[in-house]
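The stops below are given in the order in which to select them.

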Amino acid sequence: MIWVVLALIIFIFQIATILILEFRQPSKTVAWLLILFILPIIGFVMYYFLAKEYQHRRIVRKRNVVAKEMRLQALLRCRMVHRPTDIKGGEFSHQERLFRLLTGMSTSPITSCNETRVLSNGRETFEAILDAIEEAKHHIHLEYYTIRDDVIGRRFKDALVRKAKEGIEIRVIYDGVGSMELSSGYLQELHEAGIETQCFLTPRLAFFEKRMNYRDHRKIVVVDGLIGFVGGINIGDEYLGGNPKLGYWRDTHLQIVGDAVYFLQDVFLRNWWFTAKERLSDPAYLPEHGCQGTEQVQIVASGPDSVADAILECVFAAVSVAKNRIYITTPYFIPDPSVHMGLRTAALSGVDVRIIIPYVADSKLVLYASLSYVEDLLGVGVRIYRYRKGFIHSKVLIIDKLIASVGTANMDMRSFFSNFELNALLFDKSAIRRLEQDFMNDLEACEELNLSTFRQRPRWQKASEVVARMLSPLL
């Protein structure tokens, strides 16, 4: 009897601990309690190692102090937009609140001298990046979630080695989990050429420091501080359609020339300090440049080291002001409750809300979690499409003709709360028009879901959706 009482006390203690520590995120609390009920002791051990708040760590607080000093140089160099009426096109002139939020919550301003190019697949993206690498004169900085030792990975390696032999400074950051399969031989060749590499939290270090759940999901390339790239594409053959299960890979990346590159560089330099403990302050990393472009761009970084959830706040604010249309493309659709409610409210208000998600999934659990939102949203008028041509991995949000977002963040809670992510906000009508054109082209390769038909899905699928939805804050 005493052992039963003791086991009950321990179980109650575990439940109380999770309730107290996770009270700010009820959905996350439910997910951990489900795991605890299924695996009473093991679940609590998992919680201990995976769920610790990242931002409370002393090294992260110190990192943020150093970041302010680095960012000051970028702010002094760039040309900022100070008023909503300064954003071209006139649509922003009555968006004072949205403007204040965007300029107040982000660590980077809306910059005014930029030129962007939307890249719509892996081949186009890789060629553009490799061309920029080939033209490098001073430095090349790369930060990726996944780098693979495959055909395209070796093309990148050979290009970087060749430029390193020319005397170009090259630094590479890769995520310890996303690039877990990257071979030591690949890295050795980079090191022998004089290329510096840093791993963002190796799996072993992340486990014992209780940071396994926090990953560097960013994809950044900065060449000479003048040209930058950000978006959904990592370095791997699957982005060229090389994965037989997923087939054709549809993605969106962005090339930027201009002031916004300073803030891509700022994000990289902060992560370099975090991983290498080396502070890079040479003015050559933030060079002066002529103002060739006229597009306005804002770089928004988000991660568990920040007090605010910048990307989530941007998405919610943008959805809230939509008057005519909200177009979303995302491979993982597990919205925060606030975004879910915002989409429902917009659809009920007559806004044209359309969402593209994959038909072929790289994760069944995530797919079922995404499908768990479909019936409710279809019921209020949201139109949902599943991409049939292959696998769609784009992370794009378009709001009216007002604003668009392209970046690394999925429309899911992992991107909003746990990952280090990076999005570019676009305000220029030509860039938004190009993204809209790609969205419409993608719709032609989609199957639109019908509410009455969807309601007839098998019971086992409905049950799978329920379980996946409960676990979704941890996926």
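Start with strands S5 and S6 (residues 227-231), which are antiparallel and joined by four bridges. Strands here are DSSP runs of E with at least two residues, helices are runs of H or I with at least four, and both are numbered from the N terminus; two strands pair if DSSP finds at least two bridges between them. This is a predicted model, in which local features need pLDDT of at least 70 and side-chain atom pairs count only at pLDDT 80 or more, while totals for chains, interfaces and linings use all residues. Residues are numbered from 1 along each chain as its sequence is written, and side-chain values use heavy atoms, with hydrogens and water left out.

Select residues 220-223, which make up S5. Ile220 and Val222 point one way, Val221 and Val223 the other, and all are buried (under 20% relative accessible area with a 1.4 Å probe and protein chains only; exposed is over 50%, partly exposed in between). Val223 has Ile227 of S6 as its bridge partner.

Next, select Asp224, in the loop between S5 and S6. The hairpin has three residues between its strands, and Asp224 takes a positive phi near 60°. Is Asp224 buried or exposed? Its relative accessible area is 11%, so Asp224 counts as buried. Leaving out residues up to four places away in sequence, Asp224 touches Glu135, Ala136, Lys137, His138, His139, Ala284 and Pro287 (contact means heavy atoms within 4.5 Å). Show the side chain of Asp224: one of its polar atoms lies 2.7 Å from the backbone nitrogen of His138.

**The annotated set**

An unreviewed UniProt entry places the feature "active site" at His217, Lys219, Asp224, His393, Lys395 and Asp400. Such annotations may be inferred rather than shown by experiment.

**His393**

Finish at His393, in the loop between strands S13 (391-392) and S14 (396-399). His393 has a relative accessibility of 5% and therefore counts as buried. Which residues does His393 touch, not counting those up to four places away in sequence? They are Gly232, Tyr239, Trp249, Arg250, Asp251 and Pro331. To see one of these neighbours in detail, display the backbone oxygen of Gly232, which lies 3.2 Å from a polar atom of the His393 side chain.

Notes. A polar contact is a pair of N or O atoms within 3.5 Å; within protein, one must be able to donate a hydrogen and the other to accept it, and residues adjacent in sequence count only if both atoms are side-chain atoms.
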